[in-house]
Amino acid sequence: MAANAKAIVNTPLLQGLKQLVRSLHTDCARLSSFRSSREVQPLEEYPEVEVLHNPPEWKYVERLLPPRTVPQPVAKPAYPSGWKPQTATGQESGYFVARTKNHMVPVYLNTRFRGQRRLTIVRLIQGDIWALERDLRQVVEQSRNGKLCATRVNELSGQIHIHGDYVDLLREHLKSKGF
(Lines give C-alpha, C1' and ligand atoms only; values in the text may rest on other atoms or scores of the structure.)
Protein backbone atom coordinates (compact mmCIF):
# COMPACT_ATOMS: atom_id res chain seq x y z
CA MET A 1 0.00 0.00 0.00
CA ALA A 2 2.81 2.43 0.89
CA ALA A 3 4.65 1.55 -2.35
CA ASN A 4 1.57 2.41 -4.42
CA ALA A 5 1.23 5.78 -2.64
CA LYS A 6 4.87 6.65 -3.43
CA ALA A 7 4.37 5.69 -7.06
CA ILE A 8 1.34 7.98 -7.39
CA VAL A 9 3.11 10.92 -5.73
CA ASN A 10 6.09 10.69 -8.09
CA THR A 11 4.13 10.69 -11.37
CA PRO A 12 5.05 13.47 -13.85
CA LEU A 13 1.44 14.67 -14.02
CA LEU A 14 1.28 15.18 -10.28
CA GLN A 15 4.69 16.90 -10.26
CA GLY A 16 3.49 19.33 -12.94
CA LEU A 17 0.34 20.02 -10.95
CA LYS A 18 2.41 20.76 -7.83
CA GLN A 19 4.57 23.23 -9.78
CA LEU A 20 1.48 24.96 -11.13
CA VAL A 21 -0.06 25.34 -7.68
CA ARG A 22 3.27 26.58 -6.27
CA SER A 23 3.61 29.17 -9.05
CA LEU A 24 0.05 30.38 -8.51
CA HIS A 25 0.69 30.95 -4.83
CA THR A 26 4.09 32.59 -5.26
CA ASP A 27 3.36 34.85 -8.26
CA CYS A 28 1.65 38.13 -7.57
CA ALA A 29 -1.96 38.20 -8.59
CA ARG A 30 -2.45 40.13 -11.77
CA LEU A 31 -4.47 43.36 -11.59
CA SER A 32 -5.00 42.93 -7.88
CA SER A 33 -3.20 45.99 -6.55
CA PHE A 34 -0.65 48.64 -7.33
CA ARG A 35 2.21 46.70 -5.72
CA SER A 36 1.57 43.56 -7.73
CA SER A 37 1.53 45.38 -11.08
CA ARG A 38 4.51 45.26 -13.42
CA GLU A 39 7.08 48.01 -13.35
CA VAL A 40 7.15 50.62 -16.09
CA GLN A 41 9.45 49.60 -18.93
CA PRO A 42 11.83 51.96 -20.77
CA LEU A 43 10.20 53.92 -23.63
CA GLU A 44 12.21 52.00 -26.23
CA GLU A 45 10.30 48.80 -25.41
CA TYR A 46 6.90 50.33 -26.21
CA PRO A 47 5.64 50.55 -29.82
CA GLU A 48 5.93 53.80 -31.74
CA VAL A 49 2.79 55.94 -31.75
CA GLU A 50 2.04 58.66 -34.25
CA VAL A 51 0.03 61.56 -32.85
CA LEU A 52 -2.30 63.13 -35.41
CA HIS A 53 -3.57 66.65 -34.82
CA ASN A 54 -6.94 67.34 -36.45
CA PRO A 55 -7.20 64.44 -38.91
CA PRO A 56 -10.30 64.14 -41.09
CA GLU A 57 -11.30 60.98 -39.23
CA TRP A 58 -11.68 62.91 -35.95
CA LYS A 59 -15.31 63.75 -36.76
CA TYR A 60 -16.19 60.06 -36.33
CA VAL A 61 -14.61 60.04 -32.88
CA GLU A 62 -16.41 63.25 -31.86
CA ARG A 63 -19.73 61.59 -32.63
CA LEU A 64 -19.02 58.98 -29.97
CA LEU A 65 -17.97 61.44 -27.26
CA PRO A 66 -20.67 62.62 -24.85
CA PRO A 67 -21.68 66.29 -25.10
CA ARG A 68 -19.89 68.71 -22.79
CA THR A 69 -23.14 70.24 -21.49
CA VAL A 70 -26.69 69.01 -21.20
CA PRO A 71 -28.59 70.37 -24.22
CA GLN A 72 -31.67 72.51 -23.79
CA PRO A 73 -34.85 70.44 -24.17
CA VAL A 74 -36.89 70.81 -27.33
CA ALA A 75 -40.11 72.74 -26.67
CA LYS A 76 -43.21 70.54 -27.07
CA PRO A 77 -46.81 70.98 -25.89
CA ALA A 78 -46.60 67.74 -23.85
CA TYR A 79 -43.87 65.21 -23.10
CA PRO A 80 -44.57 61.44 -22.96
CA SER A 81 -42.64 61.05 -19.69
CA GLY A 82 -44.72 63.69 -17.87
CA TRP A 83 -41.77 66.07 -17.57
CA LYS A 84 -42.62 69.78 -17.64
CA PRO A 85 -40.20 72.61 -18.41
CA GLN A 86 -39.66 75.31 -15.82
CA THR A 87 -41.97 78.30 -16.38
CA ALA A 88 -41.93 80.24 -13.08
CA THR A 89 -39.46 83.05 -12.44
CA GLY A 90 -40.17 83.46 -8.73
CA GLN A 91 -41.24 87.11 -8.96
CA GLU A 92 -44.83 86.51 -7.82
CA SER A 93 -44.04 84.17 -4.89
CA GLY A 94 -40.80 85.71 -3.61
CA TYR A 95 -38.83 82.47 -3.85
CA PHE A 96 -37.39 80.38 -6.66
CA VAL A 97 -36.47 76.70 -6.89
CA ALA A 98 -33.89 76.25 -9.64
CA ARG A 99 -33.73 73.08 -11.70
CA THR A 100 -30.69 70.81 -11.67
CA LYS A 101 -28.24 70.72 -14.59
CA ASN A 102 -30.31 67.87 -16.05
CA HIS A 103 -33.49 70.02 -15.91
CA MET A 104 -35.02 68.02 -13.04
CA VAL A 105 -36.82 69.28 -9.91
CA PRO A 106 -34.34 69.11 -6.98
CA VAL A 107 -36.39 67.08 -4.48
CA TYR A 108 -34.56 64.10 -2.97
CA LEU A 109 -35.13 61.33 -0.42
CA ASN A 110 -32.44 60.69 2.19
CA THR A 111 -32.73 57.51 4.26
CA ARG A 112 -30.76 56.95 7.47
CA PHE A 113 -30.60 54.42 10.28
CA ARG A 114 -31.19 51.42 7.99
CA GLY A 115 -34.20 53.02 6.34
CA GLN A 116 -35.96 53.89 9.59
CA ARG A 117 -35.61 57.68 9.18
CA ARG A 118 -36.62 59.26 5.90
CA LEU A 119 -35.97 62.90 5.05
CA THR A 120 -37.29 64.71 2.01
CA ILE A 121 -34.79 67.35 0.92
CA VAL A 122 -35.62 70.30 -1.34
CA ARG A 123 -32.46 71.96 -2.70
CA LEU A 124 -31.42 74.91 -4.89
CA ILE A 125 -33.78 77.40 -3.20
CA GLN A 126 -33.31 81.11 -3.77
CA GLY A 127 -35.20 84.02 -2.26
CA ASP A 128 -37.59 83.81 0.70
CA ILE A 129 -36.88 80.28 1.91
CA TRP A 130 -39.21 80.68 4.91
CA ALA A 131 -42.23 81.39 2.68
CA LEU A 132 -41.46 78.24 0.65
CA GLU A 133 -41.13 76.25 3.88
CA ARG A 134 -44.59 77.45 5.00
CA ASP A 135 -46.10 76.50 1.62
CA LEU A 136 -44.47 73.05 1.57
CA ARG A 137 -45.41 72.37 5.20
CA GLN A 138 -49.02 73.29 4.40
CA VAL A 139 -49.07 70.87 1.43
CA VAL A 140 -47.59 68.04 3.52
CA GLU A 141 -49.97 68.65 6.43
CA GLN A 142 -52.95 68.58 4.06
CA SER A 143 -51.80 65.20 2.76
CA ARG A 144 -51.46 63.99 6.39
CA ASN A 145 -55.05 65.09 7.24
CA GLY A 146 -53.96 68.00 9.42
CA LYS A 147 -51.16 66.27 11.33
CA LEU A 148 -48.13 68.45 11.97
CA CYS A 149 -44.82 67.70 10.25
CA ALA A 150 -41.30 68.55 11.33
CA THR A 151 -39.17 70.70 9.02
CA ARG A 152 -35.66 72.12 9.13
CA VAL A 153 -34.49 75.11 7.08
CA ASN A 154 -30.86 75.70 6.16
CA GLU A 155 -30.60 79.23 4.81
CA LEU A 156 -26.90 79.07 3.98
CA SER A 157 -27.14 76.04 1.70
CA GLY A 158 -30.67 76.86 0.47
CA GLN A 159 -32.22 73.58 1.59
CA ILE A 160 -35.37 72.47 3.38
CA HIS A 161 -35.51 69.09 5.16
CA ILE A 162 -38.95 67.61 5.82
CA HIS A 163 -39.27 64.51 8.01
CA GLY A 164 -40.95 61.73 6.04
CA ASP A 165 -41.14 60.51 2.44
CA TYR A 166 -42.97 63.22 0.49
CA VAL A 167 -40.79 63.32 -2.62
CA ASP A 168 -43.57 62.63 -5.15
CA LEU A 169 -46.02 64.99 -3.44
CA LEU A 170 -43.57 67.92 -3.26
CA ARG A 171 -42.19 67.31 -6.74
CA GLU A 172 -45.69 67.45 -8.24
CA HIS A 173 -46.54 70.53 -6.15
CA LEU A 174 -43.45 72.39 -7.34
CA LYS A 175 -44.13 71.37 -10.96
CA SER A 176 -47.70 72.67 -10.67
CA LYS A 177 -46.35 76.03 -9.46
CA GLY A 178 -44.01 76.19 -12.48
CA PHE A 179 -40.69 75.38 -10.77
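1. Thr 151 opens strand β5, which covers residues 151-154. β5 and β6 pair in the antiparallel sense over 4 bridges; pairing here requires that DSSP finds at least two bridges between the strands. In this hairpin, 4 residues sit between the strands, and Gly 158 adopts a positive phi near 70 degrees.

2. A word on the basis of these remarks. You are looking at a predicted model, in which local features need pLDDT of at least 70 and side-chain atom pairs count only at pLDDT 80 or more, while totals for chains, interfaces and linings use all residues. Numbering runs from 1 along each chain as its sequence is written, and side-chain values use heavy atoms, with hydrogens and water left out.

3. Now the overall layout. The protein has 5 helices and 6 strands, taken as DSSP runs numbered from the N terminus (helices H or I, at least four residues; strands E, at least two). Along the sequence the pattern is α-α-α-β-β-β-β-α-β-β-α. Of the contacts with a separation of 6 or more, 59% join residues 24 or more positions apart, where contact means heavy atoms within 4.5 Å.

4. How much of the protein is buried? Of its 179 residues, 25% count as buried; the classes are buried under 20% relative accessible area, exposed over 50%, and partly exposed in between (1.4 Å probe, protein chains only). The protein exposes about 14,700 Å², and carbon and sulfur atoms supply 55% of that area. Accessible areas come from the Shrake-Rupley method with a 1.4 Å probe, and for residues only the protein chains shown count as cover.

5. The largest nonpolar core deserves a look, with its 23 residues. Such a core is a set of buried Ala, Val, Leu, Ile, Met, Phe, Trp, Tyr and Cys residues joined through side-chain atoms within 4.5 Å. Leu 132, Leu 136, Ile 160, Ile 162, Leu 170 and Leu 174 touch the most other members. Two or more residues come from each of β1 (95-97), α4 (129-143), β6 (159-163) and α5 (167-176), with α4 giving the largest share, 5 residues. In soluble globular proteins, nonpolar side chains tend to be buried together.

6. Leaving aside residues up to four places away in sequence, Leu 132 touches Tyr 95, Val 97, Ile 125, Ile 160 and Leu 174.

7. Which charged pairs are worth checking? The structure holds 3 salt bridges, each a side-chain nitrogen of Lys or Arg within 4 Å of a carboxyl oxygen of Asp or Glu. Glu 133 and Arg 137 are 2.9 Å apart at their closest N and O atoms. Both lie in helix α4, 4 residues apart, about one turn of the helix. Glu 133 is buried at 5% relative accessible area, whereas Arg 137 is partly exposed at 28%.

8. Asp 135 pairs with Lys 177, with closest N and O atoms 3.6 Å apart. Asp 135 is partly exposed at 25% relative accessibility, and Lys 177 is partly exposed at 32%.

9. Finally, Glu 172 and Lys 175 form a salt bridge with closest N and O atoms 3.9 Å apart. The two are 3 residues apart in helix α5, about one helical turn. Glu 172 is partly exposed at 45%, while Lys 175 is buried at 17%.
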